Every structure is written in C-alpha cells, then in structure tokens.
Amino acid sequence: MSKEKIVLLDGNSLAYRAFFALPLLTNDTGIHTNAIYGFTMMLQNILEEEKPTHILVAWDAGKTTFRHSTFSEYKGGRQKTPPELSEQFPYLRKLLDAFQISQYELDQYEADDIIGTLSKTGDAEGMEVVVISGDKDLTQLASDKTTVCITRKGITDLEKYTPAHVMDKYGLTPSQIIDMKGLMGDPSDNIPGVPGVGEKTAIKLLKEYGSVEKVYESLDKVSGKKLKENLTENEELAYMSKKLATIDVDAPITISIGNLSYPGPSEENVKAIYEELQFKTLLEKMSPETDSRPIEEIDVRIINDPESIELAEEMALHVEMMDENYLASEISGIGMTDGDNIIFIPFEVVIKSDKLKNWLQDEQKKKFTTDSKASYASLLRHGIEVNGIEFDLLLATYIANPSSTYTDVASVAKEFNYSDIQSDEVIYGKGAKKALPEEKILADHAGRKAQAVWKLKPALEGKLRDNEQFGLYRELEMPLAQILGKMETTGVKTDLGILRQIGIELSARLLELESIIYEMAGQKFNINSPKQLGEILFEKIGLTPIKKTKTGYSTAADVLEKLESEHEIISFILTYRQLGKLNSTYIEGLTKEIHEDGKIHTRFQQALTQTGRLSSINPNLQNIPIRLEEGRKIRAAFVPSEPGWVMFAADYSQIELRVLAHMSQDEKMISAFREDEDIHTKTAMDVFGVDKDGVSSDMRRTAKAVNFGIVYGISDYGLSQSLNITRKEAGKFIDTYLATFPGVKQYMEDIVSDAKLKGYVVTMMNRRRYLPDITSSNFNLRSFAERTAMNTPIQGTAADIIKKAMIDMDARLKEEGLQTRMLLQVHDELIFEAPEDEIEKLKQIVPEVMESALTLDVPLKVEWAYGLSWYETK
DNA sequence: TTCATCACG
DNA sequence: ACGTACGTGATGAAG
C-alpha cells in the first residue's frame with residue numbers, strides 16, 4: 001500500500017515570491033498575471049514531483065493576528081501589497097478551486113500556524129508531510145517525516161530542509177531555529193531580537209548553550225563584554241522575539257486532514273481559467289496531442305505511376321522517414337509541392353522514376369527542403385544525389401536564432417504561426433508504440449511539411465536578410481550541409497579486431513582492479529555507483545568529503561585526486577573509472593555502431609550548438625580519447641577504407657587565441673602570433689615579467705590556464721579551480737594578465753556592454769547568439785550571460801573559419817581531381833583518408849586552404865600528420 | 001527520465 | 001554575498 005503524503009503550501013508567501021520573481025505580465029483584458037503564472041508553475045512542479053495524496057493551500061487572514069497582541073508592531077513597516085498583486089489573489093483562489101485543492105484561512109492566525117498545526121497532525125498520523133513556502137521560518141517544522149521546501153532563486157527551484165539539512169546549514173536542530181530568531185530577530189517581520197546579535201553570534205550561542213533560556217541561565221559564562229551587556233539589557237526582547245517567531249502548532253483549526261485528500265484537477269475548469277488568463281504554453285502542455293483547432297483539409301495526391309509525376313522548376317520537398325537517424329532509416333516517400341498541388345511519392349515509386357531522379361539531380365531545378373542534409377544523405381544512400389537545394393528550413397531557423405529548438409517541422413511551423421501540421425510524435429506515436437501509420441496518413445503528413453516549407457520560406461529569408469545573415473546561411477551553412485552529408489555517408493572504417501583486442505585487455509585489468517578494490521573496501525559493491533562508492537569512502541573508510549552534490553557526496557575525479565594520499569584505494573578507483581569509461585563508452589559503444597560496411601557513420605548536428613560548432617552523435621566521434629595514452633590507443637581502430645590509403649589529419653594551432661588577438665586588436669598578442677612564438681610561454685614572460693629563460697614550467701602552465709580562462713570568459717573562481725589555487729591568487733593573475741594585455745581587457749568590456757545594448761553577440765561571419773539574461777537582476781544568470789558574451793564570438797568565429805575551410809577544401813579536392821575524402825571534423829581539426837600517392841599534394845594544399853579560409857590580422861597556423869590509422873596521425 | 005561522471009575541443 | 005569556467009554526447013545508476 002502506498003503511503004499517504006500531504007503537501008502544505010504557504011499561499012501568500014508563494015504568491016509574493018512568484019510576483020517578484022517574474023516580470024509584470026498582463027493579458028488582453030489588462031489583468032496582471034505574473035504571480036498567477038509563477039504560482040501555477042510552482043504548483044505543477046510540486047504536484048508532479050511530490051504526487052501528494054492530500055494537499056492544502058493556507059492563506060494569511062486579515063490584518064491582525066494573535067501576535068499583534070504580544071507586539072503591536074509585528075510585521076510593522078511592511079510595504080503595502082502592490083495593487084498589481086492584490087488583483088491576482090481572486091484568480092489564484094479560483095485556479096486552486098479548479099485544481100480541486102483545498103484552501104483554508106483562520107481569523108487571527110497566519111498561514112504558518114495552519115501549516116504548523118496540520119504538519120504536526122499529519123506527522124503524528126504517520127503521513128509524509130511536505131511544507132512549501134518562501135519563508136525560511138518554516139524550517140522549524142522539519143522533522144523525520146516533515147520536509148520543508150523553501151523557494152530558492154527563480155520560481156521552481158526548491159531547497160529541501162530536513163533536520164539533517166538544517167544541521168548542515170546552521171549547525172542547529174529545527175526547533176533551535178526559533179531560538180535563533182529570538183536572538184537575532186527578523187527585520188522582514190519586524191521582530192526585534194537582541195541588538196548586536198546577528199546570525200553568526202546567534203548560532204554560536206545556541207551551539208554552546210542550546211536555547212534562549214539556557215543562554216540566560218549561563219549568562220555570566222558568555223564571553224564578550226558588549227555582547228553580555230546587550231543580552232542582559234534585552235532579555236525581555238529576546239523572549240518576546242522567540243515567542244513571535246514560534247509557529248503555533250495548536251491553532252484552533254476547524255478542518256481535518258481527512259478533508260484534504262486530493263482528487264486531481266478538473267481539467268475542464270483549469271483549461272477555462274488558463275484560457276481566460278491566456279496561458280498559452282500551459283494550455284498546450286495540458287493537451288499537446290488534442291490541439292482542438294481544426295486543421296485545414298489539404299488534398300495530397302499519392303503518385304503511383306512513376307512517369308506521371310508533374311515537376312515544376314521550383315518545388316518544396318520533404319523526404320519522410322520514421323526514424324530520426326536518416327542514415328539508417330527507411331524512406332517512406334517524398335512529399336512535394338509547387339505551391340498549388342501537393343503530391344506524395346511512395347519510395348518504391350521514387351526508385352522506379354527516372355523522371356524524378358533526373359529532376360532531383362538537376363542543378364537547375366530548385367528544391368526547398370526541411371533539412372537538406374537529411375534529404376541529401378538519405379537519398380545518396382540509394383544512389384540519388386540531390387542538387388540545386390535552395391532553401392533549408394532547419395538551417396534558416398537555426399541561423400536566425402540558434403536557441404530555437406527544432407524537434408520537427410511542426411514545432412518550427414508553429415513558431416511562425418503556421419499550425420496546419422502535426423508533430424511527428426502524433427503521427428508515429430512514441431516509445432514502444434512507435435509505428436508506421438497507413439500510407440494515406442503519411443502522405444498527408446509529408447505533404448503538409450512540404451507545404452510548410454513553401455509557405456515559411458519568404459518570412460525566414462526576409463528575416464535573415466534583415467539581420468545581414470543571409471550570406472552566412474546561404475554561402476556557408478547550406479553548402480556545408482551537403483559536404484557533411486557526404487562525410488556522414490562515407491563513414492570511417494573501423495577495425496573491429498583492434499577494438500576487441502583492447503577490450504579483452506581492458507576487461508582483464510578491470511576484473512583485477514575490481515577484486516583489489518573489494519579487498520581494500522572489505523566488501524563487494526558497485527564501484528560504478530557514485531552513491532555506493534560515496535558510502536564506502538566517506539562512511540565506511542571515513543575519508544573527509546570535500547564536495548557534495550545535490551544527491552550526496554561527490555566522488556568526481558578532482559575530489560578523489562585530492563584524497564589520493566589519504567588512502568591507497570583511491571588510485572585503484574581512479575584507474576578503474578578511467579578504464580571502465582574506455583571499455584563501456586568506447587570499446588562496447590563503438591563496436592555497436594559499426595555498420596555492415598565495416599564503417600562507423602556518425603551524424604553531425606549542424607543546427608544545435610549555441611556557438612556555431614558542430615556536434616557529433618550516434619556515435620560521437622568528436623570525443624575519442626587522446627589525452628591519455630591508454631585511451632589514445634582507441635584511435636588505432638580508425639583506419640583507411642581502401643588498401644594503400646592513409647589517414648591524414650590537420651589541425652589549427654591556437655585558433656581561438658588567434659581569433660581573440662584579431663578581435664581584440666591587442667598589440668602584444670598580435671605581435672606574439674606574428675612572430676610565431678609559443679603563446680603560453682610568451683604570456684608567461686609578459687605576465688611574470690621575466691625573459692624566455694626565466695619561464696619555469698609552472699609559470700607556463702599557469703599562463704596556459706589563464707589563456708584558457710580568457711577564452712571562456714574568465715572568473716577568478718574558475719581559474720582557481722583549474723589551477724588548484726585560492727580565488728585571491730587567481731584574481732591577482734587575472735588582474736596582471738589584463739594589465740599586460742590591455743586590448744583584451746577593452747575587448748571583454750566592450751563585448752559585454754555591446755551585448756547589453758543589443759541583446760545578442762555576433763561572430764565575424766555574423767552568426768548571432770541572443771543573451772536575454774545579460775540584463776537579469778539575478779547575479780548568476782547575468783554572470784553566466786556575460787561569460788557567454790565573451791566566449792561565443794571567439795568560439796563561434798573559430799567555428800565559422802573551419803566551416804569555411806571545409807567548403808574550400810571540398811572544392812579544392814574536386815578541382816585538383818583528388819580521390820582524398822574528408823571524413824571528420826573535430827572543432828579545430830579535419831581528418832581525411834587519402835591514397836598514399838596524394839599525400840605529397842595534401843601536405844601542401846591542406847594547410848594552404850585551411851590557413852586562407854579567412855584573413856585575420858594574425859596568421860592562421862595549421863599542423864598536419866598522417867599514418868596508417870588515426871592513432872598514427874600525431 | 002534525471003543525475004553524476006567523464007571523454008573531447 | 002551570490003556560485004561559476006566555454007561548448008558538446010554517452011554511459012550506468014537509480015528513481
């Protein structure tokens with residue numbers, strides 16, 4: 001039988017919290033809705049996470065409470081509730097009614113007291129109790145069965161106070177929270193407390209004596225003359241304050257827990273209120289699949305005669321597949337439209353139609369697609385090379401705003417107010433129920449997508465032109481899509497024998513390590529479980545936890561490294577982790593991805609990253625190990641696909657710092673790159689004021705870390721973590737660095753203020769990233785946005801450059817008539833496979849093309865290597 | 001599904 | 001005082 005659980009919410013506190021956390025929103029009728037919206041978000045989260053069997057929202061009643069008779073100025077000096085908030089309360093009440101959640105208020109009592117009383121009762125009845133409020137005072141209610149959740153920043157983030165957490169945070173028991181308030185007071189409630197006693201002193205006193213009463217019993221033992229004096233003179237104030245802060249757990253409430261059971265919301269009533277308030281996103285969330293708006297009927301003709309297809313000069317098309325992995329999925333057919341007629345050509349007809357194939361391959365016939373790379377690669381697998389692609393909905397959307405989440409055509413169409421299209425999930429179902437529907441439905445679905453492309457093209461192209469991004473989209477991303485499609489289709493030959501060999505060795509060593517670790521721990525456990533490992537290390541063995549995560553002790557590598565000298569088990573665990581990672585992710589993971597052709601075909605996501613980089617999935621070939629020799633050996637499995645061929649790799653040296661030198665126009669940095677100096681050594685020389693011979697390896701390491709930090713949008717804390725030094729020391733390094741490179745300092749300041757002004761940053765090729773948080777009043781959000789503002793133009797410009805190089809490289813290989821194939825891109829490097837006899841040529845043209853992809857005020861530098869496997873290209 | 005961890009640039 | 005380095009993807013554990 002499942003346990004009963006009651007959730008008690010402090011209505012006023014949460015409404016206030018929501019009101020101030022969100023900007024003022026209004027609906028068409030002019031009612032403010034931000035508090036209602038925020039409250040609803042919190043509520044939904046809570047209902048989802050806690051799944052209560054019982055629930056109550058408690059409200060404060062009226063102006064005066066029993067506390068005012070103790071102290072007439074209780075809650076004095078409080079600002080009047082803003083009218084923009086007051087007007088929202090009636091709606092909140094209505095909304096809660098619609099949710100079928102009980103509400104209660106009691107004359108002369110505050111919401112706290114109602115909650116306290118019910119939590120005590122619930123606790124006594126053996127229920128699990130969850131209290132939710134924005135007021136930390138309620139933590140005094142925490143017990144074994146009662147968890148108190150206090151809103152943290154934002155609106156849905158809650159901090160959970162159990163007695164253990166209260167102890168962690170204050171070193172006090174929940175009931176001592178009252179004593180703490182008694183001593184220190186609470187300005188927000190106008191509770192006076194003892195003058196001169198703040199949180200620190202209060203906690204110190206309570207740790208020593210236990211309670212306000214005990215403090216006064218042993219007053220003569222209290223150290224500090226002034227403190228003793230203050231305590232003596234304000235004894236009454238302390239007792240009164242304690243009384244004010246104490247939640248009444250025996251309020252004369254007239255409801256019982258039995259009446260509070262939660263039947264779930266009345267969907268109909270909730271929907272009506274959402275509609276009244278115009279909560280669009282919440283409405284959609286309620287019924288994503290039953291969007292009731294009538295979808296416009298369209299007439300999609302299914303073509304069965306291969307030669308009867310009517311093809312225009314310009315057409316929108318969509319290659320329909322069930323699986324998102326277009327490199328493996330079967331094609332169902334192609335939906336097409338010329339703006340008037342919509343047709344669907346089943347795949348078996350496509351294959352038979354020379355007319356269609358010729359049209360697809362004809363450069364002169366213009367195609368508008370949803371995702372040109374997917375269309376291109378999926379048809380290329382069947383020997384059809386699509387040419388003349390003029391529009392790509394996915395890329396256009398991404399360039400216009402990289403944060404737009406493109407899941408399927410429906411989601412994008414919706415954003416442009418074109419909604420006559422359903423999501424793929426609705427058509428195919430999800431999870432185990434995913435299946436191919438009948439052809440008529442598929443035809444309709446694919447036809448609608450083609451129609452959406454046709455209709456959305458003008459708006460998107462207009463937007464890109466307005467933003468001066470049309471060139472980036474049309475001359476960089478679109479040509480690249482085709483090249484990436486080719487690379488994906490080509491794939492990388494993978495030597496299964498080598499993977500197996502490494503796998504066998506790893507398994508043997510893992511088994512050995514496992515038994516050593518069990519022996520040292522004195523028991524068997526799952527080493528891969530951070531939870532179990534944490535218990536062994538920090539409870540059983542008794543090592544000192546250095547860091548904690550949300551769920552328990554951190555056992556991350558940097559933490560374990562600090563503990564290495566404490567216990568010999570640590571180094572075995574670190575090795576076990578390292579090898580385990582290699583085995584599961586790389587040996588087993590990659591083995592599963594080898595296709596029948598003996599190759600791995602990754603897919604490059606071209607419309608995902610916020611900076612303009614590519615990403616690689618199924619599998620990720622951009623994170624194959626290299627830093628440690630043992631992992632690096634994995635690279636030996638990636639080999640040329642033809643006998644007599646070799647792997648050839650070329651990478652940009654320090655491309656991000658070169659971009660920074662150019663963008664910041666810092667003279668010192670520019671000259672360092674022009675002289676082709678070791679940039680980290682040069683940085684060390686300038687920052688530490690020594691000559692070349694005076695640079696120790698430690699100084700160079702520091703300089704390198706600072707350079708990295710600069711690229712990431714430096715913070716003293718971040719640098720201190722990476723160098724394992726104090727924040728203060730890190731801060732000093734940064735100051736010295738910025739004084740040494742004034743151009744960089746100026747650039748960082750300018751880019752942030754520019755981002756604040758415009759709301760976005762740009763790369764050299766006009767790629768944009770919007771940063772709405774840069775003006776946030778929340779320190780964390782704002783700081784993050786500021787670092788992003790500093791980093792994105794650098795990382796993004798580097799991404800622009802290598803993309804341009806890929807396009808130039810593809811053209812050059814054709815021009816030179818070479819057989820060499822581009823296989824992979826790993827952010828600053830390109831991997832090729834090539835016939836041995838083309839190597840001499842590559843040595844010359846690869847660096848030439850890559851270095852001239854874009855002209856900066858510093859040279860770009862490319863280094864290359866080749867060998868019989870990827871491992872050998874070093 | 002979410003979290004912690006760890007692989008890469 | 002706040003709590004962080006920037007950008008990714010895959011895995012196993014655990015709810």
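Leaving aside residues up to four places away in sequence, K242 touches I178, D179, G182, V212 and E213, where contact means heavy atoms within 4.5 Å. This is a predicted model, in which local features need pLDDT of at least 70 and side-chain atom pairs count only at pLDDT 80 or more, while totals for chains, interfaces and linings use all residues. Residues are numbered from 1 along each chain as its sequence is written, and side-chain values use heavy atoms, with hydrogens and water left out.

K242 lies in helix α12 and has a relative accessible area of 16%, so K242 is buried (under 20% relative accessible area, with a 1.4 Å probe and protein chains only). Helices here are DSSP runs of H or I with at least four residues, and strands are runs of E with at least two.

| Element | Residues |
|---|---|
| Helix α12 | 235-245 |
| Helix α18 | 393-400 |
| Helix α21 | 439-466 |
| Strand β23 | 821-825 |
| Strand β24 | 829-835 |

Helices α18 and α21 pack at an angle of about 30°, with their axes 10 Å apart, and are therefore roughly parallel to each other (angles under 35 degrees). The contact is made by L393, A396, T397, I399 and A400 of α18 together with V453, L456, L460, K463 and L464 of α21.

In strand β23, 4 of the 5 residues are buried. This strand runs antiparallel to β24, to which 4 bridges join it (strands pair if DSSP finds at least two bridges between them), and M822 has F832 as its bridge partner in β24. The hairpin of β23 and β24 has 3 residues between the strands, and H827 takes a positive phi near 70° there.

How values were computed. Chains are lettered from A and ligands numbered from 1 in the order in which they are written. Buried means under 20% relative accessible area, exposed over 50%, partly exposed in between (1.4 Å probe, protein chains only). Axes are lines fitted to C-alpha atoms, for helices over the stretch in contact, and angles run from 0 to 180 degrees between N-to-C directions. Angles under 35 degrees count as roughly parallel, over 145 as roughly antiparallel, 65 to 115 as roughly perpendicular and the rest as oblique.
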